[in-house]
Amino acid sequence: MSEVNSVPLAPPTAPGREHFVRSVLLNPLGLAAVVILVVVVAAAVFAPLLAPFDATAVRIFKVNALPGEGYLLGGDGAGRDILSRLIYGTRNTLLGALTVVVVACAIGVTAGLFAGYYGRRLDLVASWIFDALMALPAIIVLLALYQSLGSSIYLSMVVFGVLLSPGFYRLTRNLVQNVKHELYIDAARVSGLSDLRIMRRHILLVIRAPVVIQIAIVAGVAIVIQAGLEFLGLGDPSVPTWGGMLQDAFQNIYVTPLSLIWPGVAIGLTVMAFVLLANAIRDRMQSGGAAPARAVRREPARSGSSAMAAPADPDIVLDVRDLVVGYPDGGRDREVVTGVSLQLRRGEGLGLVGESGSGKTQTAFAILGLLSPGGRILRGSILFGGRDLAGLPEAGMRELRGRRIAYIPQEPMSNLDPSFRIGFQLVEPMVTVLGISRAEAKARALRLLARVGMPDPERTFRSYPHQISGGMAQRVLIAGAIACNPDLLIADEPTTALDVTVQAEVLDLLRDLQAEFNMSMILVTHNFGVVADICHRVAVMKDGAIVETNEVRELFAKPRHQYTRMLLDAVLEDGDTRAYTPRALPEVA
Amino acid sequence: MDEPVLVDCRDVDTFFGTHHVLKRVSLTIRYGETVGLVGESGSGKTTLGRAILGIGPVSSGRILFEGVDIAGVPPRERRGNAAAIQAVFQDPYTSLNPSMTIEDILTEPIVARGMATRAEAATRVRALLDQVALPVDAAGRYPREFSGGQRQRIAIARALGLSPRLIVCDEPVSALDLSTQARVLDLFVEIQERTGVAYLFVSHDLAVVRHISHRVAVMRGGEIVEFGECDQVTARPRHDYTRRLLLAAPVADPDRQAARRAELRAMSMKA
Amino acid sequence: MVRYMARRVASGVFLLFSISILTFALMFGSTKNVASNLLGESASQEQIAALNHELGLDRPLTTQYLDWLRGALRGDLGKSWTSNVRIGEELQRRLPVTLSIVVVSIALMTVLAALLGIAAAVRGGWLDRVIQVGSVVGFAMPNFWLALLLVIFFAINLRWLPATGYVSITASPQAWAASLVLPVLALAFSGIASASQQVRGAIIDALRQDYVRTLRARGVSRRSILFRHALRNAMPAALTVLSVQFIALLGGAAIIERVFAIPGMGSLTVTSALGGDVPMLMGIVVTLVVLVILVNVAIDVINAWVNPKVRIS
């Protein structure tokens, strides 16, 4: 009974425990990082065995010795072996980093956990305190408090940990706040789990990986800053430290510049290992996510399609033939649309119906040339306005979009830029596409707002998206879509996110506009009722292909394909309702 | 006629700051009954459901569960059968912790209530998966390996773990495909007939509510505007708003839809 | 909006006071050793007690603080313990020096991070990789090590730029610029690295938003989408980076000034720390915190102004 998981875009999830470590190690950079860190730790633990000489043994004749003169990496300003000092220095470095990380993590994560979960006053107070800590320049404070701390570099590292705890606090608090409202937390509360148990079982799981990443980065920062302080002369001069070695090299910079290299490289490599480890973990976490958004350059399809540019019937506005759309998956292409053909006449409304994963939205985006990053038209043609859109480069598509082909998205609020006024978002594209002046575009926009049913166009024009409701936002988007009088309108589930009463009004609006402007329309939907309300013809899609196309009345009355029949049967009809019979009290199992 | 009632909400009032979200809401749920709660966004239907679950605030009024007032009592402090009230939420992708195995998810409420140890609960898992028609090997897998419909089944199995007398279902099929929707609804009905559990079925979709409910309450702006037998409310509503809700939902028949459109338009003109 | 600004300023003032109290308590509270530090190991008990009395260290802590506070509000930060200068004057001399380095570094960093970040986000490919690698290296390399390498290469070997010293801009603009090149490069380098990564991330996030697709569907040009919409929405993240970097640079300047023997606040901090000149350190910390608070308030105000939800309320 296990159904195939057909959801193409899985939401990013926390990694399963089993493969986590292994996959980080499989990443070459991650492996290199782990190797370097293992070497450093081994050097610290086995220093007496590995170091060729005593790190503090002064030999006058080896002062500023060049590499090879008895000392592998040369001698420092006091004639001590640089290599041995490097090896012993790992102890100091690691101890310092460990101190910082433990303190910062303990304070920051704990505070973030409670402040994020309980919120309100605890959050206010904690955030204020940690913001205050963040305002302090760390090195300055550490220098200032140095003597008060008894001139101990380790106590300084403790204070440094305190100064770095805001980073952990912010991270943990934000993560917890994001997770706090997830439904599975609600489910846990309903099940009677105490707050502490919820934090332990659910929230810690989620914050695990980001905190580990932060630890790696903070360790890197700690090492660099500690080296800096030692370079300035803080700390115990009798203990070999990498920063102290740099100070020594600095004092002899005119004599042996070479001795600068080794401690610097040691610091750089160790910190780099931490950062690469952090990156490898982060990459592993995001392995389910999408690649970064890039300019999608359309690959031209078959070059022969331009010969068939003119469709047979002049009344046909859009002619899609054997369209195949795919996304790269490993080495091959995974096809999400597997050969779709459809035709659209002028003024006609076509409903594109299907369940999730049917490819209906991908078909719509392919026509618009707005597939998600990575998506390509692999085969087929899209004939529109005498051209084949499948082979058209981006510049050509840009001319058509907004002017001849328009788009209405599903989710109104997230499709308006929250930082700009609605008026601006209506006017800006009109100026670009139609080449008219700002003033003229504004007048047009106001007329459009009135046409789509806004009670106060002026006010809406001046408003920001967060000041209007979802239904109004969708009308604004419709106004924007019809602004340049397009020939073809592609609407992607335009009413799914709206309340049902608002939905009816918006559907009325779309129908009126379609008739008035004689626009052809493709309406992507999963709702047969919407199709019955507003479309002339309907195509049913399944697994990337169209299984049936017909006039609306025909399809509803006499569905030909089994899948169509199954879908229509699934529509809840006005059958008999359930009758209630009083129950005997059930036994608790 | 004076049968014992499982849930009795009396004049429940809730404020979010100054925003009056629930206004003297009263409704009842009988043993083994499904009461559908319909409304658009902002109607307060979800707030009422959460109040009954104990994870939402109640400013005044009473929520009697088997005669005991549980208004404002968080789930952890509820005792007896009230402690077993469970929920199935809307989003199958975020109602299951993605880092936990199905077995962990299903045993969590049972162990949390101290009704069994981990080991004992583990044997229950098989029975629960059976009840929702999922294979036994699902126990060791993670939510991301399942489809939306299957995840809702898992959520239902989780809810059944405590043998509850009431399950609050908050838009449980709204995020599912049409074909899956029908199957999951049938599962809800089958479970109710087998175990006698009652549902508060919250939804924005009148058709869905009609399919599964015995009685239906319609909410708008924090108030219940109509509450009655399912057939009457969803086919011959008395209140104007319910009528408008009914007419606004499009049906899969072009001619009938055209007629409903005309009727809706006529209603709006009169208003 | 005005209320927001007022709240931020008030919060900043409160912050300043809290930090001053805390720092004072930490530094002056444990000055048992100060006198012996200043006088040396061989000081006798009477000498220590006498110095303590002279410096006012035998009074209760709160009295000491209030005294200091009264002076500070008048602009008088006291006198140094190790030299005979007035703290206020010394700070006045040194602050512009450090500021010139930090401001130029921040400016350079902002411009480069913005360009690199946008390029990496939009173009991707090899440029993105190079920038990513560069940012890892920049983060891992201590800036003072880079400074030393720069000194060896440009100052000692090539003799193009001075290895040490600082020339004030009023004396000679060219020499001033020349004396700044190496310090600024060293200071800014690691900042550019992480800042460009943040900018890149913010731009990528902004370009992933739903409304970007809708804008493209309306026919808006790619350039307009990037430079108007994406940039505007990425600004809060970028400004946060700016504020964090400013604070980091103030600290990093301490080490860089030491390497290049620049008479700024940073090197003053180091000498005061090693010498135990507590009131000077107090003055430095307070001055720098004031600076940071001013910058943070400014950034918060810009952020709030850019965000319509805050601006209109």
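This is a predicted model: local features need pLDDT of at least 70, side-chain atom pairs count only at pLDDT 80 or more; totals for chains, interfaces and linings use all residues.
Residues are numbered from 1 along each chain as its sequence is written, and chains are lettered from A and ligands numbered from 1 in the order in which they are written.

## Chains A and B side by side

Let's start with the overall numbers. Helices (H or I, at least four residues) and strands (E, at least two) are DSSP runs, numbered from the N terminus. The radius of gyration is taken over C-alpha atoms, and the globule rule is 2.2 Å times the number of residues to the power 0.38. A residue is buried if 20 or more other C-beta atoms lie within 10 Å of its own, exposed if 12 or fewer, and partly exposed in between, with C-beta atoms placed from the backbone.

For the 589 residues of chain A the rule gives a value near 25 Å, but chain A has 33 Å.

As for contacts, two residues are in contact if their C-beta atoms, placed from the backbone, lie within 7 Å. In chain A, 69% of the contacts between residues at least 6 apart in sequence join residues at least 24 apart. In chain B, residues 24 or more positions apart account for 63% of the contacts with a separation of 6 or more.

## Where A meets B

The contact between these two chains takes 58 residues from chain A and 66 residues from chain B. On the chain A side, several helices supply at least two residues each, among them α9 (195-232) and α18 (500-517). The biggest giver there is α8(A), with 7 residues. The chain A side divides into 32 nonpolar, 15 polar and 11 charged residues. For these classes, Ala, Val, Leu, Ile, Met, Phe, Trp, Tyr, Cys and Pro count as nonpolar, Asp, Glu, Lys and Arg as charged, and the others, Gly among them, as polar.

So what about α8(A) itself? Of its 8 residues, 8 are buried, so α8(A) is largely enclosed by the rest of the structure. The buried set includes Tyr184(A), Asp186(A) and Arg189(A). Its buried residues pack against α7 (153-180) and α9 of chain A, together with α1 (45-53), β6 (86-88), α2 (102-112) and α4 (148-160) of chain B. After α8(A) comes Gly192(A), with a positive phi near 95°.

## Where C meets A

This contact takes 62 residues from chain C and 61 residues from chain A. On the chain C side, α10(C) gives the most, with 11 residues. By class, that side has 38 nonpolar, 15 polar and 9 charged residues.

One residue on the chain A side is worth a look: Ile139(A), found in helix α6 (residues 138-145) of chain A. Ile139(A) counts as buried because it has 24 C-beta neighbours inside 10 Å. Leaving aside neighbours within four places in sequence, Ile139(A) is in contact with Ile225(A) and Gly228(A), and across in chain C with Gly251(C), Gly252(C) and Ala254(C).

Helix α7 (residues 143-157) and helix α10 (residues 222-259) of chain C pack at an angle of about 25°, with their axes 9 Å apart; the axes are lines fitted to C-alpha atoms, for helices over the stretch in contact, and angles run from 0 to 180 degrees between N-to-C directions. α7(C) and α10(C) are therefore roughly parallel to each other. The contact is made by Asn143(C), Phe144(C), Ala147(C) and Leu148(C) of α7(C) and by Gly252(C), Ile255(C), Ile256(C) and Val259(C) of α10(C). That makes 6 nonpolar, 2 polar and no charged residues.

Conventions:
Angles under 35 degrees count as roughly parallel, over 145 as roughly antiparallel, 65 to 115 as roughly perpendicular and the rest as oblique.
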